[in-house]
Amino acid sequence: MKSQVRGGTRWKRFAVVMVPSVAATAAIGVGLAQGALAASFAISGQEFKVSTDKLEGTEFVQYGSVAKGKKLDGTPFGAPVAVSGFDTAKITNMCQSVVTPVPGLGDITLRLEAGTQGASDPDKRVDAKDLYLDVSYLEADAEFKQIDIGVAAGSLPKTPGGQGIQPNTQANENGFGQRADSVTLTKVHQKAWATTAATFKLPDLSLSLHRGTDKECFKG
């Protein structure tokens, strides 16, 4: 980790979604014990992949929680997640994919793309407000501005009404969290269980279905 890089902190290949990992594990463990719930709805039993060229977010927060739902066979499950929240997010070249096994057809990949012209035209970027992601895996290059690590989750908002624990959800207010005034993530590969946003603008939206798994947003 390099400190004070253009007023922020840069982490090359940000492969662990919360740091330090021991604290993150403890936070998620406490969340499990107290029945923390990430998203404000029943989670689908299908994890999905998201890739982007760049995500620029403001009022970034992150804390441990649990996504609860049922698998495709109806079996209940609870998956530990790092909830990442942003007041605003601008996303360039977003891809989202999920694979569903279909009897008689095999695996079918649903692929969604948007903001593909965002690199050349800022008005063509995906635009989100009050965005929360229930993340199980993240790999990216990351640069944070004015980051605080080890904040109690219940104390995440820097200002009254600022970003904190997602409204209408539960998390351990004494658990590990981190926050930053802004963050830039590039070359993002992410796995998540849920996404919520107050608004989500998707320029040049394209949705397609494909047999097999070759059209996933990334491998692995």
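**Close-up 1. D204 in the loop between strand 9 and strand 10.** In this predicted model, D204 sits in the loop that joins strand 9 (199–201) to strand 10 (206–211), where strands are DSSP runs of E with at least two residues, numbered from the N terminus. The phi of D204 is near 55 degrees, a positive value in a residue other than glycine. With a relative accessible area of 37%, D204 is partly exposed, a class that lies between buried (under 20% relative accessible area) and exposed (over 50%), for a 1.4 Å probe and protein chains only. Residues are numbered from 1 along each chain as its sequence is written, and side-chain values use heavy atoms, with hydrogens and water left out. Because the model is predicted, local features need pLDDT of at least 70 and side-chain atom pairs count only at pLDDT 80 or more, whereas totals for chains, interfaces and linings use all residues.

**Close-up 2. Q146 in strand 7.** Q146 belongs to strand 7 (residues 126–152), and although Q146 is not a glycine, its phi is positive, at about 55 degrees. Q146 counts as partly exposed because its relative accessibility is 49%.

**Close-up 3. The largest cavity.** Three cavities of 30 Å³ or more are counted, a cavity being a set of points on a 1 Å grid over the protein atoms alone where a 1.4 Å probe fits but cannot get out. The largest cavity holds about 150 Å³ of space, with grid points joined across faces, edges and corners and the volume taken as the space filled by probe spheres set on the points. Its lining comprises 14 residues, of which V50, L55, I91, L133 and Q190 are the closest to the centre; lining residues have an atom within 4 Å of a point. Strand 3 (48–70), strand 5 (94–102), strand 7 and strand 8 (176–196) are the elements that each give two or more residues to this lining. By class, the lining has ten nonpolar, four polar and no charged residues, where Ala, Val, Leu, Ile, Met, Phe, Trp, Tyr, Cys and Pro count as nonpolar, Asp, Glu, Lys and Arg as charged, and the others, Gly among them, as polar.

**Close-up 4. The second largest cavity.** About 60 Å³ of space lies in the second largest cavity, which is lined by eleven residues, with F60, S84, F86, L138 and L185 the closest to its centre. Two or more lining residues come from each of strand 3, strand 4 (76–92), strand 7 and strand 8, and strand 7 gives the most, with four residues. This lining divides into eight nonpolar, three polar and no charged residues.

Notes: On a 1 Å grid over the protein atoms alone, a cavity is a set of points where a 1.4 Å probe fits but cannot get out, and a pocket is an open set with protein on both sides within 12 Å along at least five of seven lines; lining residues have an atom within 4 Å of a point.
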